[in-house]
Amino acid sequence: MKIETQLLSFRTSDNETLHGLLFTPREQKSDLALLMVHGVAMNFYLPPLATFGPALAEQGHHCFVINTRGHDWINRAGDLTGFCGATYEKFEDSTKDYDAALARLSQLGYRRFILVGHSLGCVKSLMYQGTRQRKDVVGVVSCSCPKQFYSARAADQADFTEVMAQAESMIANGKGKEFLWAKASGALALFSAETYVNKYGKHEQNDVRPHAGRLGCPHLAIAGGAEHKYFPEYAAELAKAGGASAAFKIVPGSDHFYHGHESEVVEIIAAWLKQVAA
Amino acid sequence: MSYTTEICTFRTSDHERLHGALLTPKEKSDLALIFVHGVAMNFYLPPMFTFGQDLATRGYHSFVINTRGHDWISRAGNLTKFGGSAYEMLEDCVADLDGAIDFLKTRGYHRFILIGHSLGAIKSIIYQGTQQRRDIVSIVSCSAPKQFYSERVERQPVFRELIAQAERMVDEGSAEALMSVNVGATPGIFTARTHLNKYGKDDRNDCRPHAKNVGCPLLAIAGGAEPPFFHEYAKEIVAAAGAGSKYEYVGGANHFYNRHTPQTVSVIAAWLEQFPK
């Protein structure tokens, strides 16, 4: 095996202990690391990122595939007696998760970073760098960034405004921590009312097009050709917002998880890395 | 580092895809330790992952796995379904451990030791008590909880009502509805169906009858800072398992063996010396 795998933990400023897998080429040192961030209720060992990480490491890239606190639907948090996961996380929490993961990588000697997100992990990555504008983040790759802000979903999903109104009503009645079953990317999902409003509410804070316009680094947006049409559309819009340093690629025939198309995505990312991170 | 880490995937007979960390020292072996986590834990959390790392450093091939009961609620099946501790049934542990052992056999291992923590200890004993596999040469039970119905109603005044509530929910067609239920002193989440399956009146998670049938030596450990019923149960399990089995006490340790990993690993390592690597 050409790569070494380490399971590492890192601690956020608010004392969440998170985990990730660091894949390192055995004979290729680097000061550049790819930080790979999963989507809703996924985690560091599920595809597609758990597939992309080792494949890119085989090509010489150091890859840290992490859990955010939004891993799985409900996980043990804090001292392991609390609850977190995709059901409970708030967007603003992800800043702490990224800060901690990058600090861990810095401890290991890495000085330049590329954020690679999948699905909600793209939204988080673009929000993070659009807000932080870190000089040591030298690129962002978004794989299937979902166009899931309020006005887009209201136009696309028949019952969305009704479910959102229900969540708002629950919060108004002091039931913001209670469960709400709602669709996310076409499948049934579980959120607290507070989290549902935080992630998808009328504030549209998860419209990342403004963030894509102020990353201060190159951005590659990828989408699958077999995904709902709003994924390729959004990839094009995000690339347009990024200007000359941004690009988008469509993977023909691929679904949201890139099943059967993993090697194509890895090649697309690897080719882009040659241009931006030489 | 004296061992390599590999994240492995294994599939159960009912098509769940589970994961684990296989920690392999340089020296080859046909013996693998299989670490089974407790309620809503997973393969990368302490104490099981830490135990696995330390024992791999001592030359033991260690496979720290997820069961389908990992985390409270996780993605299952084709990743659009719901699984995790809130949804699993106790009997699912047979398919999960079968899947893990089948995977290890494809890697050349032929002898296995199950090391379970908390509910993982119960699962390990139930598994071997029902399957009686000759290739399982020992079981290590770390803090098996005495949590079956007839015991819990004595200790927890509200427990009887919680089970009655779960029974009503199942009868009324709400078996999949989620209930907030304490597990020990901490909050938990279960469907009504799972709560009844794991903790209901049939006492199916009393592993003492299964301990009689394991057919291999068993080490039962409990932490000195745990409630007395953990120690009582460990001794009862050892008595049921019979000759060659042993109870060990880790002074000062809580249920997760926080800050007592080295002592606990030393106890396990001393036990493992009877099994050639």
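This is a predicted model: local features need pLDDT of at least 70, side-chain atom pairs count only at pLDDT 80 or more; totals for chains, interfaces and linings use all residues.
# A walk through chains A and B

Start by selecting helix H2 (residues 92-106) and helix H3 (residues 119-131) in chain B: their axes come within 9 Å and cross at roughly 85°.

On the H2(B) side, pick B:Cys93, B:Val94 and B:Leu97; on the H3(B) side, pick B:Lys123, B:Ile126, B:Tyr127, B:Thr130 and B:Gln131. Colour them by class and you'll get five nonpolar, two polar and one charged.

Next, colour all of chain B by confidence. The average pLDDT is 96, and 100% of the residues in chain B score at least 70. For the complex, the predictor gives an ipTM of 0.96 and a pTM of 0.97.

**Chain B in two parts**

Domain 1 takes in 3-147 + 205-272, while domain 2 covers 148-203. Going by C-alpha atoms, the centres of these two domains of chain B are 24 Å apart. Where they touch, 14 residues of domain 1 of chain B contact 15 residues of domain 2 of chain B. Select the domain 1 side of that contact in chain B and you'll find nine nonpolar, two polar and three charged residues.

**Where the chains meet**

Zoom out so that both chains are in view. Here 19 residues of chain B are in contact with 18 residues of chain A. Which strands of chain B each supply at least two residues of the side that touches chain A? Highlight strand S1 (3-11), strand S2 (17-25), strand S5 (74-76) and strand S10 (186-191) of chain B. S1(B) gives the most to this side, with three residues. By class, the side of chain B that touches chain A has 10 nonpolar, six polar and three charged residues.

**Over to chain A**

Colour chain A by domain too: domain 1 is 3-148 + 206-276, and domain 2 is 149-204. Their centres, again over C-alpha atoms, are separated by 24 Å. In chain A, 15 residues of domain 1 are in contact with 15 residues of domain 2. The domain 1 side of this contact in chain A divides into six nonpolar, five polar and four charged residues.

Stay in chain A and select helix H5 (residues 160-172) with helix H6 (residues 193-200). They pack at an angle of about 125°, and their axes are 8 Å apart. H5(A) and H6(A) are therefore oblique to each other, and their crossing is left-handed. To see the contact, show A:Met164, A:Ala167, A:Glu168, A:Met170 and A:Ile171 from H5(A), then A:Ala193, A:Glu194, A:Tyr196, A:Val197 and A:Tyr200 from H6(A). That contact has eight nonpolar, no polar and two charged residues.

For the last stop, pick helix H1 (residues 49-58) and helix H9 (residues 262-276) of chain A, which pack at about 55° with axes 10 Å apart. That angle makes H1(A) oblique to H9(A). Which hand does the crossing of H1(A) and H9(A) have? The crossing is right-handed. Show A:Thr51, A:Phe52, A:Ala55 and A:Leu56 from H1(A) alongside A:Glu262, A:Val265, A:Val266, A:Ile269 and A:Ala270 from H9(A). By class, this contact of H1(A) with H9(A) has seven nonpolar, one polar and one charged residues.

Technical notes. Residues are numbered from 1 along each chain as its sequence is written. Chains are lettered from A and ligands numbered from 1 in the order in which they are written. pLDDT is the predictor's confidence in each residue, from 0 to 100. Two residues are in contact if their C-beta atoms, placed from the backbone, lie within 7 Å. Helices (H or I, at least four residues) and strands (E, at least two) are DSSP runs, numbered from the N terminus. Ala, Val, Leu, Ile, Met, Phe, Trp, Tyr, Cys and Pro count as nonpolar, Asp, Glu, Lys and Arg as charged, and the others, Gly among them, as polar. Domain bounds come from an automatic or database domain assignment. Axes are lines fitted to C-alpha atoms, for helices over the stretch in contact, and angles run from 0 to 180 degrees between N-to-C directions. Angles under 35 degrees count as roughly parallel, over 145 as roughly antiparallel, 65 to 115 as roughly perpendicular and the rest as oblique. A crossing is left-handed if the near helix is turned anticlockwise from the far one by less than a right angle, and right-handed if clockwise.
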